[in-house]
Amino acid sequence: MFQYQTEQFRKDLKGLEISLSEKQIAQFIRYYELLVKWNQMTNLTAITEYEDVMKKHFIDSLSLVNAYDMNGASSLIDVGTGAGFPGLVLKIAFPGCRVTLLDSLNKRIQFLNAVIGDLELTGVEALHGRAEDFARPGKLRESFDLCVSRAVANLSTLSEYCLPFVKRGGFFVAYKSEKISGEMVEAGNSIALLGGKVTEKKEFLLPDSNIYRCLFVIKKENETPGKYPRKAGLPAKEPLN
C-alpha cells in the first residue's frame with residue numbers, strides 16, 4: 001500500500017487550528033484516491049497532484065474557519081459543489097453538521113455518492129439539480145444555517161443562488177481566490193435586496209503558502225423576496241444591481 005506523506009497537511013491543519021483524528025486523516029487520503037480515479041473518467045478537477053489537492057482543495061475548503069465558527073452550524077448547503085469542495089471536505093472535518101451537496105451535473109453527484117458510500121459518511125446527501133429549482137418554496141428554501149460556495153460567478157449572481165437557502169439569522173459565505181474589492185461594492189444593493197448584508201470580508205493566505213484567498217461573509221437579515229432566485233439562467237446572464 002502506498003504511504004502518503006501527511007506532515008504538511010497536519011501542519012496546515014494546525015495553522016487553521018483544526019484537530020482531526022487519524023480516521024479523518026485517512027478519510028481525506030481515501031477521498032483523494034477516489035478523486036484521482038474518477039477524474040480519469042469524468043472531468044472533476046484540473047488539480048490532481050497529492051500535495052496540491054491537500055492544500056488547494058482540502059485546506060482551502062477548511063479555511064472557512066478563518067471567518068465562521070463551524071460549531072455554530074447544524075446544517076449546511078454547498079451550492080455548485082463540484083467534486084465536493086468545500087461541502088464534503090467540511091463534512092469530513094465536522095461530522096456533526098448535516099450537509100447537502102447540490103450540483104447541476106449528474107456525473108459529479110455520482111462521484112460524490114461514491115465517496116460518501118466509501119467513507120461511510122452519514123448526515124450528508126448529494127442532490128442533482130439547479131439552485132434556481134431547489135430554492136423554491138416547498139423545496140429547500142430557508143432551510144440551512146449556512147450556505148457556502150466556491151463556484152465561479154460574481155458575488156451578485158452567487159448571492160441570488162445562495163441566500164434563498166439560508167434561514168433568517170444564518171450566513172452565506174462565498175469563497176474567492178482573487179482580489180475583487182469592486183465586486184463587493186457592486187453587489188451591495190443586490191445582496192440587500194435578497195435580504196442579506198455583508199458583515200465581513202476576510203482576506204488571508206492559505207497556511208504555509210503565498211496563495212491568496214478571500215471569504216465574503218453575508219448574514220441573512222430578512223427573508224428573501226419570493227421572486228428570487230429568478231428562472232434558470234437569468235441570475236448569471238443578468239446579475240442584480
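Strands E2 and E3 (residues 124–128) run parallel and are joined by five bridges; two strands count as paired if DSSP finds at least two bridges between them. Helices (H or I, at least four residues) and strands (E, at least two) are DSSP runs, numbered from the N terminus. This is a predicted model, in which local features need pLDDT of at least 70 and side-chain atom pairs count only at pLDDT 80 or more, while totals for chains, interfaces and linings use all residues. Residues are numbered from 1 along each chain as its sequence is written, and side-chain values use heavy atoms, with hydrogens and water left out.

**Strands and crossovers**

- Strand E2 covers residues 98–103, and five of its six residues are buried. Buried means under 20% relative accessible area, exposed over 50%, and partly exposed in between (1.4 Å probe, protein chains only).
- E2 also runs parallel to strand E1 (residues 75–79), again through five bridges.
- Asp78 stands opposite Leu101 of E2.
- E1, helix H4 (residues 87–93) and E2 form a right-handed β-α-β unit. A crossover is right-handed if, with the strands pointing away from the viewer, the path from the first strand over the helix to the second runs clockwise.
- E2, helix H5 (residues 106–118) and E3 form a right-handed β-α-β unit too.

**Thr100 in E2**

- Thr100 sits in strand E2. Its bridge partner in E3 is Glu125.
- Why does Thr100 count as buried? Its relative accessible area is 1%.
- Thr100 touches Leu76, Ile77, Asp78, Glu125, Leu127, Leu140 and Phe144, leaving aside residues up to four places away in sequence. Contact means heavy atoms within 4.5 Å.

**Nonpolar cores**

- The largest nonpolar core has 56 residues. Phe28, Tyr31, Phe58, Leu62 and Phe111 have the most contacts inside it.
- Helix H2 (residues 22–39) gives the most to this core, with eight residues.
- A second, separate core has 28 residues, including Leu102, Ala135, Phe144 and Tyr161.
- A nonpolar core is a set of buried Ala, Val, Leu, Ile, Met, Phe, Trp, Tyr and Cys residues joined through side-chain atoms within 4.5 Å.
- Phe28 touches Phe9, Leu20, Met54, Phe58, Leu62, Val89, Ile92 and Ala93, not counting residues up to four places away in sequence.

**Aromatic pairs**

- The whole structure holds 11 aromatic pairs. Rings of Phe, Tyr and Trp (its six-membered ring) pair if their centres lie within 6.5 Å; planes under 30 degrees apart count as stacked, over 60 as edge-to-face and the rest as tilted.
- Tyr4 and Tyr50 make a tilted pair, 4.9 Å centre to centre with 35° between the planes.
- Tyr4 lies in the segment before helix H1 (7–15) and Tyr50 in helix H3 (residues 50–62), so the pair ties together parts that are 46 residues apart in sequence. Both Tyr4 and Tyr50 are buried.
- Tyr68 and Phe171 are an edge-to-face pair, because their ring centres are 5.9 Å apart and their planes lie at 65°.
- Tyr68 is in the loop between H3 and E1, while Phe171 is in strand E5 (residues 166–176), 103 residues apart.
- Tyr68 is buried at a relative accessible area of 10%. Phe171 is partly exposed at 21%.
- Phe9, Phe28, Tyr31, Trp38, Phe58, Phe85 and Phe111 form one aromatic cluster.

**His57 in H3**

- His57 is in helix H3. His57 counts as buried, at 7% relative accessibility.
- Its side chain makes a polar contact with the side chain of Thr45 (2.9 Å). A polar contact is a pair of N or O atoms within 3.5 Å; within protein, one must be able to donate a hydrogen and the other to accept it, and residues adjacent in sequence count only if both atoms are side-chain atoms.
- His57 touches Thr45, Ile47, Asp52, Phe85 and Arg150, not counting residues up to four places away in sequence.

- Helix H7 spans residues 155–162, and eight of its eight residues are buried.
- At the start of H7, a side-chain oxygen of Asn154 comes to within 3.0 Å of the backbone nitrogen of Ser156.
- Phe172 lies in strand E5. Phe172 counts as buried, at 0% relative accessibility.
- Phe172 and Leu158 are 14 residues apart in sequence and 9.6 Å apart in space, C-alpha to C-alpha.
- The contacts of Phe172 include Leu158, Ser159 and Cys162, not counting residues up to four places away in sequence.
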